[in-house]
Amino acid sequence: MESENRKQFVGMFPTTRMRRLRYLPAVRSLVQEVQISPSKLILPLFVCSGTKVRKPIASMPGHAQLSIDQLGDELSEVQALRIGGVMLFGIPSEKDARGSDSMCSDGIIQQALHKAKETAPDVLVISDVCFCEYTDHGQCGIVSETGGYTDVDNDATCELLARQALSHANAGADMVAPSGMIDGMVESIRKGLDQGGYEHLPILSYAAKYASSFYGPFRDAAESIPVAGNRKSHQMDPAVSADQAIREVALDLAEGADMIMIKPALAYLDVIAKVKNQFPGVPLAAYNVSGEYSMVRAAAEQGWIDQRAATLEMLVAMHRAGAQMIVTYAAKDVARWNAE
Ligand code: PBG
């Protein structure tokens with residue numbers, strides 16, 4: 001086996017010296033394969049009610065909850081920086097057990113979508129489709145008693161997810177991204193969109209999303225901490241075989257997903273690589289989640305790590321593993337560094 005492998009290479013030392021590829025910066029640059037471009041990055045934004053609100057998110061330096069009137073300026077900046085798009089999350093002022101605000105034509109996310117399309121029609125706007133930001137219990141769907149324990153009711157949630165997605169489409173979303181890991185969610189949303197006349201509107205499915213501790217800062221930002229319990233009955237267990245992610249992706253594709261997302265990214269590069277390998281033609285996204293961003297920012301603030309170098313290295317690794325687009329809180333930073 002070893003000699004088999006060796007045959008693939010040109011030769012051995014001293015005939016072959018790998019360092020020849022590394023002495024000159026110009027040669028190093030030529031042999032690079034992975035490049036970070038802002039056009040491949042998607043910036044998450046949190047939209048809240050009120051006016052003139054820019055409420056900093058303590059656990060995510062550089063990020064704030066924005067009221068709708070702030071969105072125009074933010075999106076102009078995104079456009080000027082040539083960032084690939086934005087992912088919108090709504091934080092309603094009123095939450096209830098069914099997450100009604102998320103399905104209502106004048107809900108927070110619908111208002112934000114209208115505003116976005118009005119002020120910056122060329123910026124790609126993706127809406128996160130889930131219930132955890134909108135329910136008073138903080139769960140990702142409607143909750144019912146099943147077999148003696150309280151949990152997200154799968155099929156009832158699917159129906160509501162379809163209504164939510166259709167309502168986002170009506171308000172102007174260019175793409176919807178269901179993030180709840182509810183079985184059948186993609187099929188249900190696809191049907192709802194098609195019936196509503198949105199056959200052309202793509203679905204970016206969070207196909208393999210893990211029950212991760214790296215979402216901590218996001219839950220502060222989106223005010224979506226579950227009041228009780230956790231999300232382990234729908235989000236994946238980090239300790240299962242990466243092959244389970246392959247099944248999840250296959251199911252979502254069969255249900256009509258156009259693009260697939262793996263989340264989180266950094267601790268799941270093996271999953272990204274496997275999915276890329278199994279489904280080479282499928283557009284693949286990685287979500288560089290809040291905890292990954294905040295770790296770098298916190299260490300950089302202490303002077304323990306170089307924020308720019310560490311951020312770019314992480315994004316390069318995600319691309320190298322196989323993600324062609326990355327949802328990242330660092331999108332604006334990267335675009336500014338690129339412009340320097
Ligand atoms: C659910 C959702 C979450 C994130 C994106 N969509 C939170 C969760 O599943 O608990 C987390 C993103 C991040 O940590 O950056 N609507």
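Guide: Two strands pair if DSSP finds at least two bridges between them. Keep that in mind for this predicted model. Take strand S12 (residues 325–328) as the example.

Visitor: In which sense do S1 and S12 pair, parallel or antiparallel?

Guide: Parallel. Strand S1 (residues 41–48) and S12 are joined over 2 bridges. For a residue-level view, look at Leu41, which stands opposite Ile326 in S12.

Visitor: How many bridges join S11 to S12?

Guide: There are 4 bridges between strand S11 (residues 284–288) and S12, and these strands run parallel. Check Asn288: its bridge partner in S12 is Thr328.

Visitor: Which residues of S12 lie on each side of the strand?

Guide: Met325 and Val327 are on one side, Ile326 and Thr328 on the other. All four are buried, so both faces of S12 are covered.

Visitor: On to the helices. At what angle do H10 and H11 cross?

Guide: Angles over 145 degrees count as roughly antiparallel. Helix H10 (residues 290–301) and helix H11 (residues 307–321) cross at roughly 155°, with axes that come within 9 Å. H10 and H11 are therefore roughly antiparallel. The crossing is right-handed.

Visitor: And how do the axes of H8 and H9 cross?

Guide: At roughly 50°. Helix H8 (residues 243–255) and helix H9 (residues 269–278) have axes that come within 9 Å. That angle makes H8 oblique to H9. Their crossing is right-handed.

Visitor: Now the rings. How many aromatic pairs does the whole structure hold?

Guide: A search finds 8. One of them is Phe89 with Phe218, at 5.0 Å centre to centre and 75° between the planes. Planes over 60 degrees apart count as edge-to-face, and this pair is edge-to-face.

Visitor: Where in the chain do Phe89 and Phe218 sit?

Guide: In distant parts, 129 residues apart. Phe89 belongs to strand S4 (residues 85–91), Phe218 to helix H7 (residues 216–221).

Visitor: Are Phe89 and Phe218 buried or exposed?

Guide: Both are buried.

Visitor: Which residues do ring pairs link into a cluster?

Guide: Phe46, Phe89, Tyr206, Phe218, Tyr287, Tyr293 and Tyr329.

Visitor: Over the face of which rings does Lys263 lie?

Guide: Start with Tyr215: Lys263 lies over its face, 4.6 Å from the ring centre. Lys263 also lies over the face of Phe218, at 6.0 Å from the ring centre.

How values were computed
Residues are numbered from 1 along each chain as its sequence is written. This is a predicted model: local features need pLDDT of at least 70, side-chain atom pairs count only at pLDDT 80 or more; totals for chains, interfaces and linings use all residues. Side-chain values use heavy atoms; hydrogens and water are left out. Rings of Phe, Tyr and Trp (its six-membered ring) pair if their centres lie within 6.5 Å; planes under 30 degrees apart count as stacked, over 60 as edge-to-face and the rest as tilted. Buried means under 20% relative accessible area, exposed over 50%, partly exposed in between (1.4 Å probe, protein chains only). A charge sits over a ring if NZ of Lys or CZ of Arg is within 6 Å of the ring centre and within 35 degrees of the ring normal. Axes are lines fitted to C-alpha atoms, for helices over the stretch in contact, and angles run from 0 to 180 degrees between N-to-C directions. Angles under 35 degrees count as roughly parallel, over 145 as roughly antiparallel, 65 to 115 as roughly perpendicular and the rest as oblique. A crossing is left-handed if the near helix is turned anticlockwise from the far one by less than a right angle, and right-handed if clockwise.
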